[in-house]
Amino acid sequence: HVRFIGVEFIRVGGIVNGGDALNFWNNNLTTAATIPRDIVIDRSIVRRTIGTNKLVNMQVVRGAIIDSELINATQVLGDANAVWVFNTPGPVKIVNNLILGAGETVFFGAGGAVANLMTTDVEVRRNRIGNDPSWVGTAGKNLLEWKSGLRIWVAENIIEEDLTTGQPPSVTLTPRPNTEGPTGANFIDDI
């Protein structure tokens, strides 16, 4: 049980393309019992000073990002996500944030290491989700994307400054066969 309140996280140094500012995931999380629990980022700032793959890699049971700023998730090659959620049963709450990223800005992905695990009870409300206009040429994917999920509530968000060059439209639901792990639970329902 961890609640970060009023903390500024800055990722500096390291390689140009890759790495996470906040990472609650590793390859040893292969059962639901091993996934971190009850992590909240509250009234905090997460940003980077170099190419960052993920700002928040949110693989937690009962996780939340509220009243915070997640800014500048960019890298020269590959995907960059401000928030990436997978390998969790949920619930996940993302409410009242400024979220800027150059890949799939908020991404609920397929794959994961726990078999038959589906992210459920997702709330994405009152956020400003987008790209920074100065990133023209570096952004290339959706602002809000789901590969899998169940009982998803999306409301009152401002989704803007879409610089997508590779995968229009800016909000997409794309369930697909799992190629990234043993989950076997890739579908979207009740959104």
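# Briefing: an all-strand predicted chain

Strand β11 (residues 98-101) is covered on both faces: Leu98 and Leu100 on one side, and Ile99 and Gly101 on the other, are all buried. Buried means under 20% relative accessible area, exposed means over 50%, and partly exposed lies in between (1.4 Å probe, protein chains only). This is a predicted model, in which local features need pLDDT of at least 70 and side-chain atom pairs count only at pLDDT 80 or more, while totals for chains, interfaces and linings use all residues. Residues are numbered from 1 along each chain as its sequence is written, and side-chain values use heavy atoms, with hydrogens and water left out.

**Overall make-up**

- The chain has 0 helices and 19 strands. Helices (H or I, at least four residues) and strands (E, at least two) are DSSP runs, numbered from the N terminus.
- Of the 191 residues in the chain, 52% are buried.
- The accessible surface is about 8300 Å², and carbon and sulfur atoms hold 53% of it. Areas come from the Shrake-Rupley method with a 1.4 Å probe; for residues, only the protein chains shown count as cover.
- Among contacts with a separation of 6 or more, 79% join residues 24 or more positions apart. Contact means heavy atoms within 4.5 Å.

**Strand β11 and its partner**

- In a regular strand the side chains alternate between the two faces of the sheet.
- β11 pairs with strand β14 (residues 128-130) in the parallel sense, over 3 bridges. Two strands pair if DSSP finds at least two bridges between them.
- Isoleucine 99 stands opposite isoleucine 129 in β14.

**Nonpolar cores**

- The largest nonpolar core has 27 residues. Such a core is a set of buried Ala, Val, Leu, Ile, Met, Phe, Trp, Tyr and Cys residues joined through side-chain atoms within 4.5 Å.
- Phe24, Val56, Leu70, Val83, Val106 and Phe108 have the most contacts inside this core.
- Elements giving two or more residues to this core include β4 (37-42), β6 (54-57) and β9 (81-85). β9 gives the most, with 3 residues.
- Beyond its neighbours within four places in sequence, valine 56 is in contact with residues including Leu22, Ile41, Ile65 and Trp84.
- A second, separate core of 5 residues includes Trp25, Leu29, Phe86 and Phe107.

**Aromatic pairs**

- The count comes to 4 aromatic pairs. Rings of Phe, Tyr and Trp (its six-membered ring) pair if their centres lie within 6.5 Å; planes under 30 degrees apart count as stacked, over 60 as edge-to-face and the rest as tilted.
- Phenylalanine 4 and phenylalanine 9 have ring centres 5.2 Å apart and planes at 85 degrees, so this pair is edge-to-face. Phenylalanine 4 is partly exposed at 21% relative accessible area, whereas phenylalanine 9 is buried at 16%.
- Ring pairs also link Trp84, Phe86 and Phe107 into a cluster.

**The β9-β10 loop and backbone exceptions**

- Most residues other than glycine have a negative phi, and most peptide bonds are trans.
- A cis peptide bond joins glycine 90 and proline 91, with omega about -10 degrees. Proline 91 is in the loop between β9 and β10.
- Asparagine 87 is found in the loop between β9 and β10. Its phi is near 60 degrees, a positive value, and its relative accessibility of 4% makes it buried.
- Threonine 88 is also in the loop between β9 and β10, and it is buried at 0% relative accessibility.
- Aspartate 121 has a positive phi, near 55 degrees. Aspartate 121 is in strand β13 and is partly exposed at 34%.

**Salt bridges**

- The whole structure has 8 salt bridges. Each is a side-chain nitrogen of Lys or Arg within 4 Å of a carboxyl oxygen of Asp or Glu.
- Arginine 125 and glutamate 123 form one (2.4 Å, N to O), and both residues are buried.
- Arginine 128 and glutamate 160 form another (2.2 Å, N to O). Arginine 128 lies in β14 and glutamate 160 in strand β17 (residues 158-160), so the pair ties together parts 32 residues apart in sequence.
- Glutamate 145 and lysine 147 meet at 2.9 Å, N to O. Glutamate 145 is buried at 1% relative accessibility, and lysine 147 is buried at 12%.
- Arg3, Asp42 and Arg43 are linked in a network of salt bridges.
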